[in-house]
Amino acid sequence: MNNNDNKIKNGDAMSGNEPTGARRRRTKLAVWLGVAGLCATGASLLPLGGHSQAAYGDPLSEGMECSYGDGAPTNPVAVRSFELTASEGYTSEPDGNAIYDWSYRNSQRNKPFQLPGPVLCVYQHETINITLKNELKVPTSIQFPGQANVLADGVADGPTVDGGELVSLAKEAAAGDTTTGVVYSFEASSAGTYLYESGSDPQLQVQMGLFGAIVVRPAYVDDAGGINPVVPSETDILNIPWDSGANPTDTNAQAGVDAAGLVAANEASCAYAKVDDERSCDPLAIYSSDPKSENILMLSEIDPGVHTFMEQNGGTPANLTWNAYPGAYEAHYFMINGRSMPDTVAPNNAPWLPSQPYGSLAHVQPWTPDNPLDVMLRYVAVGTAGYDFHPHSNHEHVIAQDGALMKGAATVDNLAGNDNTEEKFNIMVGPGSTVDATFRWTNEAGYKDSVGSRVPVAWPNGLNLQEGDFWSGSPYLGESGNLNPGILTKTQCGEYYHVAHNHDLTQVTNYGITFGGMLTLIKVEPPAAVQAQMKTECG
Amino acid sequence: MKGHTDVAIGIEHEKESAGLFGRRKFLVLGGAGFAVLAGTAGAARALIGGPGQVDAPRSLPPVGLDPSTGRSGDAIAAPPLGVKHFALAGTDGWVSLPYAGNPTVGPDLGAAAIDPYFPDPLADPANTTTYAFCFRNVTGLDRAQVAAQKGHTQICAPIFYSTVGEEIWVTLTNLGLQLRPDLVDGHTLHWHGFRNAIPFYDGVPESSIAVAIGHDFTYVYRPQDAGTYMYHCHFEDVEHVTMGMHGIVFVKPDPGDRVGLVDGQQKAYGTADGDANGETKYDREYAIMLSEIDTRAHFGDAHIQATDWTDFHADFWTMNGRSYPDTLEPNGVRDEFGQLRAQSDGGFDSSGNAILTTIDEGADPTSNESRLFSNPLSSLVQAAEGERILIRFANLGFLDHTIVFPGLEVDVLGRDSRYVPHSAQRLATDSIQIGPGESRDVFFTAPKAGKFAFYDRGMSHYTGSESGNDAWVGGQRSEIHVYDKNTLAPQQKPNGWAGEPAWAGEFPVAD
């Protein structure tokens with residue numbers, strides 16, 4: 001499995017083979033290239049850093065793209081190893097600006113510069129080894145907030161001090177150390193979403209892009225010492241609340257969900273075990289196993305002044321006075337997974353974003369008894385301030401913070417245990433924090449294009465309205481309508497697009513220009529049964 | 001609109017006010033009563049039409065609508081509590097922040113000038129300081145009256161509310177910007193937090209439609225979940241929101257659910273929302289929107305200068321579109337949804353200005369009431385000892401705010417329109433943190449008579465008065481005035497609109 005870091009396993013659309021799904025992805029590529037027209041990144045014109053800026057080379061995909069290191073993606077192993085190399089490169093902003101950055105490239109797979117660093121997906125109780133090498137002109141390191149008992153080269157890691165002066169928060173790889181590096185290791189003791197980031201001059205190095213995410217999937221150690229993944233059972237799935245709003249006690253069981261079928265088809269994944277039963281999944285932490293149903297949103301910001309200063313100083317921070325470098329710190333670009341809108345909605349590994357491999361377009365199909373599993377969203381706030389992230393179209397159910405399920409164990413006084421999960425229309429992700437939330441969308445109003453189900457007001461004459469690029473021309477899911485001359489819709493099958501964005505609206509801009517920055521889209525697709533009857537694919 | 005027959009179907013009607021209000025502003029409509037208004041439904045037509053249209057009702061029922069209900073014949077059925085119809089218009093104008101140089105404010109209560117941004121040199125020096133654009137409530141106005149509102153904005157947007165089981169229609173008219181005819185901006189209505197929304201009614205112009213200048217469009221909502229939400233324009237959102245286009249909307253639970261209530265009380269969340277015993281009951285409710293103003297950006301919009309929004313630096317912090325000490329002033333000369341009171345009595349002059357004298361006989365034209373004509377929403381909270389008070393907070397600024405209540409113990413029983421019960425993890429507090437785009441439902445029991453301040457803990461968020469005598473000027477600060485038991489008339493409308501005519505001292509002030 002050494003060279004197979006991808007969740008997508010059914011062929012490579014660009015390989016020339018034609019496995020199942022290849023044609024489908026090619027369609028999608030064409031569509032996304034249409035979207036890319038907006039992006040106009042001019043990536044091929046970017047000045048090159050010290051490394052090849054060739055396309056990342058992995059197939060296009062959507063949803064969270066994991067790196068599994070040298071271990072299997074599908075089952076736990078005793079030891080899982082990664083190698084990252086701190087390196088420099090360029091990323092592009094939608095307004096055409098090229099930004100000089102530092103980040104972690106996946107040198108284990110001999111991959112070029114990317115920002116952010118790879119998403120390291122591991123199983124609980126595995127021993128994780130991460131080798132850090134360094135191509136930068138300054139020493140660097142990695143700290144692992146939320147991980148306990150981290151070793152560096154076999155010794156307990158921690159701040160390094162030289163003559164009473166703090167050098168770094170973790171053991172460093174020396175500038176230019178591309179051979180030995182430092183090996184960090186720890187047991188992934190708790191499931192959840194975590195940040196990893198530079199522990200050296202972090203104010204500068206994290207701003208420059210030295211960060212990434214670790215996702216720990218729940219697992220338990222059996223009596224024989226083997227590590228086993230936590231898989232949702234039929235009972236767990238039946239206990240998922242299906243509308244905790246108007247019907248707080250109702251569950252999938254009452255909605256008539258075929259949980260046995262879902263288990264048999266391996267369609268459900270688990271983010272957290274129950275707080276008092278490490279072998280079974282908490283119903284609130286169950287989500288669809290469709291790769292497109294799991295998303296990560298690493299929220300960060302860039303002050304281009306800092307990056308330009310570093311570029312002009314040859315990659316060293318000499319003479320950088322942080323609070324007056326010149327002019328005080330002020331961020332102007334705001335990213336999800338290192339990209340700003342509209343690049344956020346491009347697929348993973350889009351070739352026109354060669355060093356920003358991760359997209360954040362979310363997919364959801366309406367909740368029905370036939371489609372009862374939620375979407376998982378993993379938020380990581382990397383910047384020095386928190387971000388308030390607002391998903392349109394429905395609340396998200398916040399289930400975990402900083403890698404901890406927000407539930408208490410049963411007590412004598414409280415047999416159900418405390419449940420501090422909550423549905424929010426605004427997700428507060430504190431600086432350096434992570435939040436896990438599930439999302440669903442239900443066609444609650446039941447609007448359809450049929451007599452007795454239409455919207456109650458008369459259909460306006462479209463010529464009198466202004467129409468958007470992500471508008472299908474119809475209020476009804478799965479329907480498309482006539483659009484005004486000049487509108488080139490990016491919809492394919494009458495799907496809905498809803499925005500999801502930071503609600504500090506100054507940060508939903510690209511250097512002040514709206515509909516950019518920390519914004520992505522939620523794509524609400526017609527139900528599978530409707531899609532099956534369509535001539536157009538929904539992507 | 002005039003003379004329409006209002007047919008109730010199972011819902012309490014707003015009472016026709018005997019005194020100041022000759023016209024119903026708040027329409028609860030069903031059945032035949034809907035017919036006259038129905039014409040505005042869904043039609044995106046030219047607002048300023050051809051000959052003969054000016055004096056007609058706002059519009060005639062478009063083809064395809066049932067003239068007896070205003071509803072398209074193939075539409076989804078009306079919900080059990082029927083249809084309520086509001087109308088909003090987007091337009092620009094001038095608003096007031098506390099400026100030391102204004103004679104009704106003075107250097108002890110007003111902020112110093114920020115040259116050249118504040119006060120804006122184009123503002124009316126007697127009353128206003130700052131350019132803005134926002135929604136105005138034009139419910140019930142005819143087409144000519146709506147058109148006459150161009151250039152008469154307010155901040156922040158009107159508060160409106162609904163009940164689970166109703167269908168809400170909001171017709172949005174884009175009047176354009178009087179000062180900026182060069183801008184062809186659309187407007188939209190985004191109900192922030194509305195569950196299971198469809199893009200058609202979500203108001204994001206990129207993924208839906210926007211209302212062009214001179215046109216109108218009717219948004220429809222069928223709320224299922226009680227709670228405190230907010231609404232704002234999503235067109236070039238950062239600019240339109242900060243220029244003023246944001247307000248509070250809230251949803252009350254099923255009115256038939258009286259579990260845990262005594263006469264005169266309401267509750268914020270019903271059994272269906274998880275509040276099975278009436279923990280969220282209250283005697284009075286207030287809604288307060290938190291935001292900020294960067295006077296450079298407002299100046300820029302007035303003077304045709306672009307703003308780099310990532311360089312946003314607020315210099316005034318607002319509650320309901322006002323900065324302290326204006327937050328304490330009574331509600332303005334508009335109704336509970338921000339509509340001019342005058343329109344029911346005096347109508348408008350040839351320029352579209354409300355004729356104020358008919359309702360404000362003897363009012364000093366240089367009074368705060370006149371100065372705050374376009375900042376009509378008070379943040380003063382009034383209570384009688386022992387009463388349960390609800391304050392609905394929403395934040396549509398760009399910054400986190402922490403509101404503290406020294407001397408009071410408050411329960412946060414609602415977050416983002418969801419009921420959160422008091423529990424071992426959620427104890428009473430005296431401060432609430434609220435981020436951009438969030439809402440909180442804050443409850444407290446009024447202690448014995450006295451005055452209590454509540455304010456943003458960010459102490460740098462106050463510019464201070466020009467003279468230095470009042471450090472709170474320019475910020476998010478207001479007060480809770482508690483009166484002796486049984487000395488305050490029951491609240492009839494949120495924020496004291498229409499139900500408590502005696503803001504200015506009819507009741508004994510504790511100190």
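Reader: Which strand of chain B does S29(A) pair with, and in what sense?
Author: S29(A) pairs with strand S8 of chain B, residues 209-211. The sense is antiparallel, over 3 bridges. Keep in mind that this is a predicted model.

Reader: Which residue stands opposite Gln466(A)?
Author: Ala210(B), in S8(B).

Reader: How many residues of each chain are in contact?
Author: 60 residues of chain A are in contact with 66 residues of chain B.

Reader: Which elements of chain A give two or more residues to the side that touches chain B?
Author: Four strands of chain A: S23 (387-391), S26 (422-424), S29 (465-467) and S30 (496-502). S30(A) gives the largest share, 4 residues.

Reader: What classes of residue make up that side of chain A?
Author: There are 26 nonpolar, 24 polar and 10 charged residues on the side that touches chain B.

Reader: New topic. What is the strand order in the open sheet of chain B?
Author: The order is S5-S11-S10-S7, with mixed pairing among the 4 strands. S5 (160-163) and S7 (190-192) are the edge strands, each pairing on one side only. From one strand to the next, the twist averages 30°.

Reader: How many bridges join S7(B) and S10?
Author: 3 bridges, in the antiparallel sense. S10 of chain B covers residues 227-232. His190(B) stands opposite His232(B) there.

Reader: What holds paired strands together in a sheet?
Author: Strands pair through backbone hydrogen bonds, either parallel or antiparallel.

Reader: Over to chain A. What do S2(A) and S3(A) form?
Author: They form a hairpin, with 5 residues between the strands. In the turn, Gly96(A) has a positive phi of about 100°. S2 (residues 79-92) and S3(A) pair in the antiparallel sense over 8 bridges. Across that pairing, Tyr90(A) stands opposite Tyr100(A).

Reader: Why is S3(A) largely enclosed?
Author: Because 7 of the 8 residues of S3 (98-105) in chain A are buried, the rest of the structure largely encloses this strand.

Reader: And the largest nonpolar core? Which residues touch the most other members?
Author: Leu299(A) and Tyr379(A), out of 236 residues in that core. Strand S3 of chain B, residues 83-95, gives the most to this core, with 7 residues.

Reader: Which residues does Leu299(A) touch?
Author: Leaving out residues up to four places away in sequence, its contacts include Ile336(A), Tyr379(A), Val429(A) and Met518(A).

Reader: What about the second core? Which residues does it include?
Author: That separate core has 12 residues, among them Tyr99(B), Val105(B), Trp317(B) and Tyr462(B).

How values were computed:
Residues are numbered from 1 along each chain as its sequence is written. Chains are lettered from A and ligands numbered from 1 in the order in which they are written. This is a predicted model: local features need pLDDT of at least 70, side-chain atom pairs count only at pLDDT 80 or more; totals for chains, interfaces and linings use all residues. Two strands pair if DSSP finds at least two bridges between them. Axes are lines fitted to C-alpha atoms, for helices over the stretch in contact, and angles run from 0 to 180 degrees between N-to-C directions. A residue is buried if 20 or more other C-beta atoms lie within 10 Å of its own, exposed if 12 or fewer, and partly exposed in between; C-beta atoms are placed from the backbone. Two residues are in contact if their C-beta atoms, placed from the backbone, lie within 7 Å. Ala, Val, Leu, Ile, Met, Phe, Trp, Tyr, Cys and Pro count as nonpolar, Asp, Glu, Lys and Arg as charged, and the others, Gly among them, as polar. A nonpolar core is a set of buried Ala, Val, Leu, Ile, Met, Phe, Trp, Tyr and Cys residues joined through C-beta atoms within 7 Å.
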